[in-house]
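Welcome, and please open your viewer. We will go from one selection to the next, and at each stop I will tell you what to look for.

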Amino acid sequence: MSDSGPLLTLITFLPLLGMCAILFIPSRQKEWIKIVSLIFTLPSLVLGIKMLIEFDPQVGYQFIEKAPWIPAFNIHYYMGVDGLSVPMVFLTVLLCPICVLASWGIEDRIKGYCAMFLLLETGMLGVFCALDLFLFYVFWELMLLPMYFLIGIWGGPRKEYAAIKFFLYTLFGSVFLLLAVIAIWLATSPHSFDMTQLNEQLLQSGVGATFRNLCFLAMYVAFAVKIPAFPFHTWLPDAHVEAPTAISVILAGILLKMGTYGILRVSYPIFPDSAKWFAPVMVMIALINIVYGSLCAMAQTDLKKLVAYSSIAHMGYVMLGMASFTPAAMNGAVFQMFNHGTITAMLFLLVGVIYDRAHHRDIDGFGGLAAQTPIYAGITSLAFFAALGLPGLSGFISEALVFLGAFPTWPIITILSTSGIVLTAGYMLWTFQRIFLGPLNEKYRTLPEINARELVTLVPLAIIVLFLGIYPAPMLNIFDHAVRELLNRIL
Amino acid sequence: MDNLSSLSYFIPELTLTVTLLLVLCSDLLHREQEGLDFPAWLALVGMFVAFVAHFGLYGKPAVSLFEGMIAHDPFAVFFKGFFIFCTFIIVLLSIYSSEVFYYRKSEYLAILSAICLGMCLTASSTNLIMLYLSIELMSIGSYLLAGFARSGGKTDEAAIKYVLFGAMSTGVMLFGMSILYGLTGTMDIAGIRQVLFANVSSDPVVLLSFLFVLVGAGYKIAAVPFHFWCPDVYEGAPTPVTAFLSVASKGTGFALLIRFFYRAMLQPAGEGTWSSLPAIDWMLLFAILSAVTMTAGNLGAMPQRNIKRLLAYSAIAHAGYLLMGIAALTSEGIASILFYLVMYLFTNLTAFLVVMILVNRTGEDEIPSYRGLWQRAPLPAVVMAIALISLTGLPPTAGFVGKLYLFIAAWHSGLYWLVVVAVLNSVVSLYYYFRIVRAMFLETGPDTAISHQPVYETVLVLLAAPILLLMIFFGPVLRLAQYCAQMLP
């Protein structure tokens, strides 16, 4: 395992190196800045694929790098991935080059944009690779800053409001994570931030159930804001609508997964008994997310806001799966995290495509576009069908697994949750109909078809969605073992 | 130790004294010039030598100097270094400042050196008389500097307020000290403790006298309810002086508070814990003081339009965070204060340097004048953002690890509610710190570029780099703070 060199460090910090490189390019060289940032996202993708290939699903943490960082506090630079993190790392390195391509149209202050974007990529990858709680927290917060600037500078009309709202909400959550981190660190002896050992160490030091439950709750607040779980979800529609296309993709595709990833990586393994204790509440929140998110999505007239609310609903499936503690449901939840990353990324990219051409996102303002832009309509239909869980596309597999697995544990709630599928189908098809079917809106008789650069960003995602819909086994194999290990701890 | 052999422990202070005299005399021999002239060089070299000299004191064992007047211990050495370094930076900032009167440059520099000397003595005094004299030495100098600006109006108001509040609070402190002397019959701070603990005195007068001393220290650190001078003085005083007050003066307040409180009112109970007199709950007292101070500071900062007033309220809030370390009543708590002060030094000086550059060039210190600063002066804007992020306490900046250690110290002592209050305060503070970031980066302003002295580019980078580096390599500073938390018993 260690013969692969500092693989995770390279994956994580190459974008940061790219950021430093960009700072030396004069601001006038706009094309070069974009090309260099694209170049610096590619090695991480290549190394990410290498990691995916070399990863052995039957073993726990791999590609481990561990070095003392601050010995006085027993902080380590501890990186490693297991079956839960590998899909997320892969998703991140996959989406980042796509997002750089999707940002090609940005001209205003592109240097700052690319620098911030690469810093964001480092932060995200760090979160998925860190196994030291302190390191995890640093990356977790590191990510907020570039996000604030990316929304706040390059966003839409209400960007300032959306940016600070996003920042305040997530920071509010994070400080509770910080509290839990401090409490855990002081409760272990010797003081430790090692995520892989904390459960045993806390058991040894004999902390009470109240302490564990409180810590779990504090962490849950931090992660719930990111998911975003009801009632912490209100930052999401604002942030998504105001953010530029590529940043919406990152927000929905990766940032939201950090919430559920955090629960699976940090909360569940460290406090397995609290996980069970909290499951009834979590499953209720999941149900609210699904039903309420879908209903809100149905009521939207802004296409981007609709996708944003659909994300809330789709993350509800992940939470439902996580709260059910059956192998099928948990596998479904992790798989749904990956699938939602690819599908929602497609949806936001598609919204960006139409917005660049029509300069508005009002669903009722289009009509009959299928005749004018058939390729665009085709890809959109694929993404919409994937989002509503059509069999043969990847979204179906993960949602089906979640429902199958959740039913034995929470029969009534699962039945109620399936209404989400109907609702999703309802608003997705209705939206598709309003935009693409019917008579062509005369205003858009000259609407240009999707171009090659935009196709390059969409086609890889479409292939993955299609492939995993037909043959999901390769992806399921990666995390199945890790999911079962986690379940063994909890049950 | 007798007076003569004490001198070898006194080199930084002696250097400061010589510098002070030389700078004063240089005024007679030398004609004033713009910028870095002879007196300025003299002051810088003097500070530098004193700073280098203070490193020589680190290894030496802790002793009592000058017949028990002054302590030599790691704690005192730390603060000497802190004050001298801070003064050095302030001299550097003042040189090109347009706010300070330059036909009185050597006076300004001499006063600054005198204040620095007073601060070093405050941090090491172990006798009430010595303590009071040192505080007065620094205070009187500070009053002068607060009024040391080109224009009248706000500056005069600031100076007068500063003097009145200062005189009042040091007067009350002196009163408290006299009561203590009356109770115990000794001026030696450790002697006071001996008498108090021997008689197990839980007399309310003990509490009262300490509260009076606290008024003096609370005024220096700008803790609620002794903070009312702070916004006005910060706004009116010349920016370099404001920066000096916000860092060095606050540091002195904490040195005084820790030295006096831990030496007179607490007894070491082994393993880095301290026990207090029965029937007096110091922990609760300081915890409440801390919670109220940080909350009042943060809420007060919200509606501010003037950046110096905003930073004044932020300084009040930070006094609140720092008080958590005192409330912990452990050596860890002291260490966390020292650690945080180092982080705070770089962060706050950086922020004030940017404010100063803008005041010099545009004469504006309102937040709207920061609009679009990123386009007009990229380096100051980026550096200011880093400083503000550090003040908020977010990674990857020094402010984060500083706060983390304070939180750990307080949590370790069982002050869970205080830590919760503190983290929620951090969230609140994000809002107003990022109003400045928002103005600088998110909003657009006039297109005119803001030029500045090239030397400031170097200083900005040198001050801002530690903010980032100390987050990544804070191990050495942590060890230093833990070592310097030791005081002469």
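Predicted model: local features only at pLDDT ≥ 70, side-chain atom pairs only at ≥ 80, totals over all residues.

Helices here are DSSP runs (H or I) of at least four residues, numbered from the N terminus.

**Stop 1: a loop in chain A**

Select Phe325(A), which sits in the loop between α13 and α14 of chain A.

**Stop 2: a loop in chain B**

Move to chain B and select Leu329(B), in the loop between α13 (307-327) and α14 (331-362) of that chain. Leu329(B) is not a glycine, yet its phi is positive, near 55°. Because its relative accessibility is 7%, Leu329(B) counts as buried.

**Stop 3: two cis peptide bonds in chain B**

Stay in chain B and show the backbone around Val224(B) and Pro225(B). A cis peptide bond joins these two residues, with omega at about 5°. To place Pro225(B), look in the loop between α9 (204-221) and α10 (229-236) of chain B.

Next, select Pro395(B) and Pro396(B), a pair that is also joined by a cis peptide bond, with an omega of about 5°. Pro396(B) belongs to the loop between α16 (378-392) and α17 (398-412) of chain B.

**Stop 4: chain A as a whole**

Zoom out and colour chain A by secondary structure. How many helices and strands does chain A have? There are 20 helices and two strands. Along the principal axes, the C-alpha atoms fill a box of roughly 70 × 60 × 40 Å. A compact globule of 491 residues would have a radius of gyration near 23 Å, and chain A agrees with this because its value is 22 Å.

The accessible area is about 15600 Å², and 69% of it belongs to carbon and sulfur atoms. Of the 491 residues, 68% count as buried. As for contacts between residues at least 6 apart in sequence, 81% join residues at least 24 apart.

**Stop 5: a covered helix**

Select α10(A), residues 235-242.

**Stop 6**

Rolling a probe the size of a water molecule over the atoms shows where empty space is left. The second largest pocket holds about 560 Å³ of space. Of the 30 residues that line this pocket, Trp154(A), Pro244(A), Thr245(A), Tyr355(A) and Asp356(A) are the closest to its centre, and selecting them will take you there.

Which helices supply at least two residues each to this lining? In chain A they are α6 (144-154), α10 (235-242), α11 (245-270), α13 (303-322) and α14 (327-358). The largest share, four residues, comes from α14(A). Finally, colour the lining by residue type: twelve of its residues are nonpolar, seven are polar and eleven are charged.

Definitions and conventions. Residues numbered from 1 in each chain as written. Chains lettered and ligands numbered in written order. Heavy atoms only, no water. 1 Å grid on protein atoms, 1.4 Å probe; cavity = no way out; pocket = protein on both sides within 12 Å on 5 of 7 lines; lining within 4 Å. Points joined across faces, edges and corners; volume = space filled by probe spheres on them. Nonpolar A, V, L, I, M, F, W, Y, C, P; charged D, E, K, R; others polar. Rg over C-alpha atoms; globule rule 2.2 N^0.38 Å. Buried < 20%, exposed > 50% of the residue type's maximum accessible area, 1.4 Å probe, protein only. Contact = heavy atoms within 4.5 Å. Areas by Shrake-Rupley, 256 points an atom, 1.4 Å probe, with all protein chains shown as cover.
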